[in-house]
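Please look over the structure shown here before reading on. The notes that follow are grouped by topic.

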Amino acid sequence: MAGKKSLHIESSGQLCVYCGACVGVCPLNCIFLDETRITFDERICTRCEICVKACPVGAIEID
Amino acid sequence: MVKDLTTDVLVVGAGPSGSMTAKFAAKNGAKVLMIEKRQEIGSPVRCGEGMSKDWLKEVGIAPSPRWINVEVEGARIFSPSEQCFEINEKSAGNEVGYVVERDAFDKQLAIDAANAGAEILLKTSATGILKDGGRVVGVRAKAFGEPFEIRAKVTIGADGFESQVGRWAGLPTNLALRDMDSCLQYRMTDVECDTRYCDFYLGSVAPGGYVWIFPKADGLANVGIGVQLSQIKEPAAARTYLDKWIAAHPGYAKGKTIDVVGGGVSIAPPLKQTTADGVMIVGDAARMIDPLTGGGIANGCLAGKLCGEVAADAALKGTPTKEFFQAYEKGWRLRLEEKLYRNWLAKEKLCSLSDATFNKVVDALQGVKLQKLTVHNILKAVRDKYPEVTKEFEAFL
């Protein structure tokens, strides 16, 4: 999407501990936790980066 | 194909708040269904497992060795210079208690709910909300991957920090950055901790939060950290600060981690609204966590009991309206709101203190025998030794 930075959630288990912190902090409720998979809605996400701060293990990156 | 279901009271989430709600709704005559997205109630644990104990009787939970791991004598608060003062049962009664096995505790509360007559469905998650006009009338759900609908007279969101039900219902549950902590905890073995105390380390070791040590039997301990989101500059802050703290403490650095637990914790003032037509939210989902201690079990259970009673009453009378739910809205506020707000103010103040000030406050409390740990008594001790520091606390008075 033009103008938007790219958000990457590492939820294969290398970093992610599936705690749901990112889901809880997302002000637009566009991150979803499905037990062992985390997805987000690219169209709704504004790259506010709150989830990046909330993730205790650094599994979310924005560049 | 899973069959669509109909119930009086639907509880989404089988943590302590959900199970208490389910139990008391069932006890009061309602047909209750509690759904849980996980395959095992209480597992994986997402909690520091420290719990106060004075409230248990109020909600009818009998202490049991099945879920109590250690009964502590008190808590120790460590300043950045690592002087400490002790809070014990005599000086602060209600804030000390047990280190528990949360998985066993959650299962026990779910068993209590089931024994009261509630049905439980595991591996069943809510995927959306059902509305009729403006009123919530249940959820769209998925069980073992199959979609179906659950229709309910009253729907309860007990779905934790990452709560969806409240947001789908349009309840204002969003949090400010300063009202959230990013948390990480290691369950460690072979550490040197004192099972008489829960320990808390304050200051720049954990900006806007603290490092906690909740001791468990046999050389185990939950070693964790909360960091305020508004003070986080880099990704993985919680892990970075926790690892740094552990590395600086040989008694813990030698330990081995056997479990990693992450999570978000709200440290927010009470929500303005926790009910709407057809729906109520409770526990962490309703941001009922104590903003000073980060503890959520007691408040969730206390509110859950009330929520269940009101839900049953509304379902049986056929009046699941926002107006009727005022009995819950007002009831939980009467029991919890003043303390939640006071502790939120205290949290705001604590987050602003420098390490130097923390050191002075804790130093001033050394050797002073406080009869009762009140803000007034703490201020007096600080004023006697460091009159200049008291100015920073004037807002409290």
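## Briefing on chains A and B

Helix α3 of chain B covers residues 102–115, 14 residues in total, and spans 20 Å from its first C-alpha to its last, close to the 20 Å expected at 1.5 Å a residue. The model is predicted.

**Helix α3 of chain B**

- The buried residues of α3(B) are B:R102, B:F105, B:D106, B:Q108, B:L109, B:A110, B:D112 and B:A113.
- These buried residues pack against α1 (16–27), β2 (32–35), β7 (97–100) and β8 (119–121) of chain B.

- Strand β9 (residues 124–132) and strand β10 (residues 135–143) of chain B are antiparallel and pair over eight bridges.
- Across this pairing, B:L130 has B:G138 in β10(B) as its bridge partner.
- A hairpin is formed by β9(B) and β10(B), with two residues between them, and B:G133 in the turn has a positive phi of about 65°.
- β10(B) also pairs with strand β11 (residues 146–157) of chain B, in the antiparallel sense and over six bridges.
- In this second pairing, B:R140 stands opposite B:E149 in β11(B).
- β10(B) and β11(B) form a hairpin too, with two residues between them, and B:F144 in the turn has a positive phi of about 45°.

**The open sheet in chain B**

- An open sheet of seven strands in chain B has the order β6-β5-β13-β14-β15-β12-β16, with mixed pairing.
- Which strands stand at the edges? They are β6 (84–88) and β16 (256–266) of chain B; each has a single partner strand, so one side of each is left without a neighbour in the sheet.
- On average, neighbouring strands of this sheet are turned by 20° against each other, direction ignored.
- Strand β12 (residues 180–189) of chain B runs antiparallel to β16(B), and ten bridges join the two.
- In that pair, B:D181 stands opposite B:V265 in β16(B).
- Helix α5 (residues 237–247) of chain B lies across β12, β13 (197–201), β14 (210–216) and β15 (220–228) of chain B, and runs at about 130° to β15(B).

**Domains of chain B**

- The domain assignment divides chain B into domain 1 (5–61 + 102–175 + 270–344), domain 2 (70–99 + 177–266) and domain 3 (348–396).
- The centres of domain 2 and domain 3 of chain B, taken over C-alpha atoms, are 21 Å apart.
- Between these two domains, 15 residues of domain 2 of chain B are in contact with eleven residues of domain 3 of chain B.
- On the side of domain 2 of chain B that touches domain 3 of chain B, β6 and α2 (89–92) of chain B each supply at least two residues.
- β6(B) gives the most to that side, with three residues.
- By class, that side of domain 2 of chain B has seven nonpolar, eight polar and no charged residues.

**Contact between chains A and B**

- How many residues of chain A are in contact with chain B? There are 19, and they are in contact with 21 residues of chain B.
- The elements of chain A that give two or more residues to the side touching chain B are α1 (21–25) and α2 (50–54).
- The side of chain A that touches chain B has 13 nonpolar, four polar and two charged residues.

Key:
Residues are numbered from 1 along each chain as its sequence is written. Chains are lettered from A and ligands numbered from 1 in the order in which they are written. This is a predicted model: local features need pLDDT of at least 70, side-chain atom pairs count only at pLDDT 80 or more; totals for chains, interfaces and linings use all residues. Two residues are in contact if their C-beta atoms, placed from the backbone, lie within 7 Å. Helices (H or I, at least four residues) and strands (E, at least two) are DSSP runs, numbered from the N terminus. Ala, Val, Leu, Ile, Met, Phe, Trp, Tyr, Cys and Pro count as nonpolar, Asp, Glu, Lys and Arg as charged, and the others, Gly among them, as polar. Two strands pair if DSSP finds at least two bridges between them. Axes are lines fitted to C-alpha atoms, for helices over the stretch in contact, and angles run from 0 to 180 degrees between N-to-C directions. Domain bounds come from an automatic or database domain assignment. The expected span of a helix is 1.5 Å times one less than its number of residues. A residue is buried if 20 or more other C-beta atoms lie within 10 Å of its own, exposed if 12 or fewer, and partly exposed in between; C-beta atoms are placed from the backbone.
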